[in-house]
Amino acid sequence: MSCVEQLKYRLYLERTSFKDARDYIEKNSEEVYYVDPGYKIFKDYYIIGVPPVAMGVRGKEMLFTYVKPCHGTFVMGIDSPEEISRLRDNEAKKIKKSLKGRDADRAESKQAPASFSEMYRK
Amino acid sequence: MSEGKRALLVMGCPEVPVQMSMVIYLSHRLTKCSYDVTVAGTDAAVKLLKAADPESYYVKKTVDLDELIANIVEKKIDFDLCFAFMHSDAGMTYGATFSAISKARLFAVVFGKNAEALGASIDYPAEKIVAKATHNPNPLKNKIDKVVL
């Protein structure tokens with residue numbers, strides 16, 4: 001049993017499909033973040049899901065999907081400013097990484113072609 | 001040559017009878033091809049497997065599904081082949097997770113009453129083995145036999 005089940009949680013959807021659970025989080029959260037399957041939350045729960053896996057923030061509460069093989073997908077909410085802060089940090093890192101990639105692309109495209117023939121080759 | 005190669009069989013919810021039969025069969029077949037086979041599942045699925053194979057003749061290694069996912073994410077273990085058994089949306093979701101976290105060649109083994117629709121909903125990288133089988137294992141077995149290992 002994961003530590004998640006021992007925390008104080010609220011259930012918003014039970015025994016549903018993963019797609020419906022994702023839709024619920026997207027429609028009922030103030031902020032939505034997307035993580036990869038395997039993203040770790042709390043002490044030992046690794047998120048199970050079909051990418052993109054949505055995680056929501058609503059006030060102090062984090063909304064996430066919880067999947068059990070015999071029972072389907074649940075949408076759970078747990079108050080956790082720490083996990084919310086980690087989610088935001090994770091998103092900030094992703095944006096920084098993608099901006100770095102874009103800067104590298106720009107730097108490459110800024111190089112002026114040395115000759116007309118090189119320009120036409122592009 | 002598959003010596004030294006590792007294969008993982010991921011069991012979904014054990015409520016559809018063909019799954020246990022096919023897991024034991026596939027484990028035996030992969031072992032004969034020199035794969036080191038591990039079977040993962042929930043507590044209930046592993047108990048059913050151990051009751052059917054008390055001396056671990058067909059399945060040598062079993063592991064708890066959540067523990068295995070943690071170990072793959074933490075890069076403590078990975079596999080060359082992974083067969084994810086599924087007959088429900090939850091099983092399909094677990095398959096997507098293995099597709100994302102593991103480098104293994106992934107086979108989605110889809111069975112049960114809604115096999116075709118479930119198989120069509122899989123849009124992550126996986127080779128699909130789909131058969132509408134619940135009690136009779138042969139339609140699924142025939143398709144598994146066609147897989148080139």
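This report walks through the sheets, the helix packing and the chain contact of a predicted model.

## Ground rules

Because the model is predicted, local features need pLDDT of at least 70 and side-chain atom pairs count only at pLDDT 80 or more, while totals for chains, interfaces and linings use all residues. Residues are numbered from 1 along each chain as its sequence is written, chains are lettered from A and ligands numbered from 1 in the order in which they are written, and side-chain values use heavy atoms, with hydrogens and water left out.

## The sheet in chain A

Chain A has an open sheet of 5 strands in the order S1-S7-S6-S5-S2, with antiparallel pairing. Strands here are DSSP runs (E, at least two residues), helices likewise (H or I, at least four), all numbered from the N terminus; two strands pair if DSSP finds at least two bridges between them. Strand S1 (10–16) and strand S2 (31–35) of chain A sit at the edges with a single partner strand each, so one side of each has no neighbour in the sheet. From one strand to the next, the twist averages 25 degrees.

Zooming in, S6 (residues 61–68) and S7 (residues 72–79) of chain A are antiparallel partners over 8 bridges. A:Thr65 is found opposite A:Val75 in S7(A). A helix from the other chain joins in here: H4(B) packs on the sheet, touching S1, S6 and S7 of chain A, and its direction makes about 105 degrees with that of S6(A). (Axes are lines fitted to C-alpha atoms, for helices over the stretch in contact, and angles run from 0 to 180 degrees between N-to-C directions; contact means heavy atoms within 4.5 Å.)

## Where the chains meet

Chain A puts 18 residues into the contact and chain B puts in 19 residues. About 1,400 Å² is buried between chain A and chain B, with carbon and sulfur atoms giving 74% of it; buried area is the accessible area (1.4 Å probe) that two parts lose on being put together, summed over both. On the chain A side, A:Tyr46, A:Ile48 and A:Pro69 lose the most area to chain B, together 43% of what that side buries.

## The sheet in chain B

Chain B has an open sheet of 6 strands, ordered S3-S2-S1-S4-S5-S6, and the pairing is parallel. Its edges are strand S3 (61–64) and strand S6 (127–130) of chain B, each with a single partner strand, so one side of each goes without a neighbour in the sheet.

S1 (residues 6–10) and S4 (residues 81–86) of chain B run parallel, joined by 4 bridges, and B:Leu9 is opposite B:Phe83 in S4(B). Helix H1 (residues 18–32) of chain B packs on this sheet, touching S1, strand S2 (36–41) and S4 of chain B. H4(B) packs on the sheet too, touching S1, S4 and strand S5 (105–110) of chain B, and its direction makes about 165 degrees with that of S4(B).

## Helix on helix in chain B

Helix H3 (residues 65–73) and helix H4 (residues 89–101) of chain B pack at about 25 degrees, with axes 10 Å apart. That makes H3(B) roughly parallel to H4(B) (angles under 35 degrees count as roughly parallel, over 145 as roughly antiparallel, 65 to 115 as roughly perpendicular and the rest as oblique). On the H4(B) side, B:Tyr94, B:Phe98 and B:Ile101 take part, meeting H3(B) residues including B:Leu65 and B:Asp66.

The axes of H1(B) and helix H2 (residues 43–52) of chain B come within 11 Å and cross at roughly 60 degrees, which means H1(B) is oblique to H2(B). B:Met20, B:Val23 and B:Ile24 in H1(B) meet B:Ala45, B:Leu48, B:Leu49 and B:Ala52 in H2(B).
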